[in-house]
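Reader: I have a protein model open, and I would like to learn how to read it. Where do we begin?

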Amino acid sequence: MEALLYSGSEPAAVERALASALPQGTPIVRGTAPTDQRSPAKATTPALAPGWSIAPRPGSGDEARIQPIEVVDTGRKFEALTGRKWTGREREALQSGKVLALSPEYLDGDRVGLALPLDGSKYDTSRHVNGAALAEPVDDTTRSRAAAYVTSATVRAWGAETVDYSVIATTGDQAPPAGLDDELASVLDWRGPPPRAPRHRSRPKPSQVPRP
């Protein structure tokens, strides 16, 4: 499940609310994205700050599938997002500053194309970065929320910054506890439209998912 952060939201308060309502030991991490230094100031809420994305390689047939990039600094967060531990190769790739792509259509040799948000729904896809690797297989749920992982150090090396846009709790196949929506609404401190209810999706076992 994922609680999106709003203007005035305090991520630590959302984490505490989830920890008190969910079984002890439930993995709880923050959703973090790379973004232009000006984007958080222009956005009405962290959840709407335009993040930097990854663009499929030209000629892949999937050029329109621009997908978000997620910031992953620890094995704990990697496991919370994917349902499995990172391999030594994946850890080394991330910690050495590489982009870890979750699907092969985003790789152009050992480099990837970035998609930087412009006005409206347009992107600048002219920037490419060297240093990329393909992750081991992950499930469709994992790929649906981000197509690549990088560390915060890599984001800073790009000249960008990071923004926390959500708090994520990995509950497996368990449904959210009754009353959790109301408890989260009291700590999200939303302003404007009502806060979106936490998203809940079951996750298949990674071992059942073939490599793309």
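Predicted model: local features only at pLDDT ≥ 70, side-chain atom pairs only at ≥ 80, totals over all residues.

Reader: Let us take strands, then. How do side chains point in a regular strand?

Author: They alternate between the two faces of the sheet. Keep that idea in mind as you look at the strands here.

Reader: In which sense do S2 and S11 pair, and over how many bridges?

Author: They pair in the antiparallel sense, over eight bridges. To find one place along them, look for Thr35, which stands opposite Glu161 in S11.

Reader: How many bridges join strand S1 (residues 2-4) to S11?

Author: Three, and these two strands run antiparallel. Here Leu4 stands opposite Ser166 in S11.

Reader: Why does Thr32 count as buried?

Author: The cut-off is under 20% relative accessible area. Thr32 has 9%, so it is buried.

Reader: What does the side chain of Thr32 join?

Author: The side chain of Asp164, by a polar contact of 2.7 Å. Leaving out residues up to four places away in sequence, Thr32 touches Ile69, Glu70, Val71, Lys77, Thr162, Val163, Asp164 and Tyr165.

Reader: Next, aromatic rings. What describes a pair of them?

Author: Two things: the distance of the centres and the angle of the planes.

Reader: How many aromatic pairs does the structure hold?

Author: Three. One of them is Trp52 with Trp158, a stacked pair with 6.2 Å centre to centre and 10 degrees between the planes.

Reader: Which parts does the pair of Trp52 and Trp158 tie together?

Author: Trp52 lies in the loop between helix H2 (39-42) and strand S3 (53-55). Trp158 lies in the loop between helix H6 (152-157) and strand S11 (161-169). The pair therefore ties together parts that are 106 residues apart in sequence.

Reader: Are Trp52 and Trp158 buried or exposed?

Author: Trp52 has 5% relative accessibility, so it counts as buried. Trp158 has 11%, so it counts as buried too.

Reader: Why is the pair of Phe78 and Tyr149 edge-to-face?

Author: Look at the angle. The planes of Phe78 and Tyr149 stand at 80 degrees, and the ring centres are 5.8 Å apart, so the pair is edge-to-face. The cut-off for that class is over 60 degrees. Phe78 lies in helix H3 (residues 75-82) and Tyr149 in strand S10 (residues 148-150), so this pair ties together parts 71 residues apart in sequence. Phe78 and Tyr149 are both buried.

Reader: Which residues form one aromatic cluster?

Author: Phe78, Trp86 and Tyr149.

Reader: Let us step back to the whole protein. How much of it is buried?

Author: Buried residues make up 44% of the 212 residues. The accessible surface is about 10,500 Å², and 49% of that belongs to carbon and sulfur atoms.

Notes. Residues numbered from 1 in each chain as written. Heavy atoms only, no water. Phe/Tyr/Trp six-rings, centres within 6.5 Å; stacked < 30°, edge-to-face > 60°. Helix = DSSP H or I, 4+ residues; strand = E, 2+ residues; numbered from the N terminus. Buried < 20%, exposed > 50% of the residue type's maximum accessible area, 1.4 Å probe, protein only. Areas by Shrake-Rupley, 256 points an atom, 1.4 Å probe, with all protein chains shown as cover. Polar contact = N/O pair within 3.5 Å; in protein donor to acceptor, adjacent residues only side chain to side chain. Contact = heavy atoms within 4.5 Å. Pairing = 2+ DSSP bridges.
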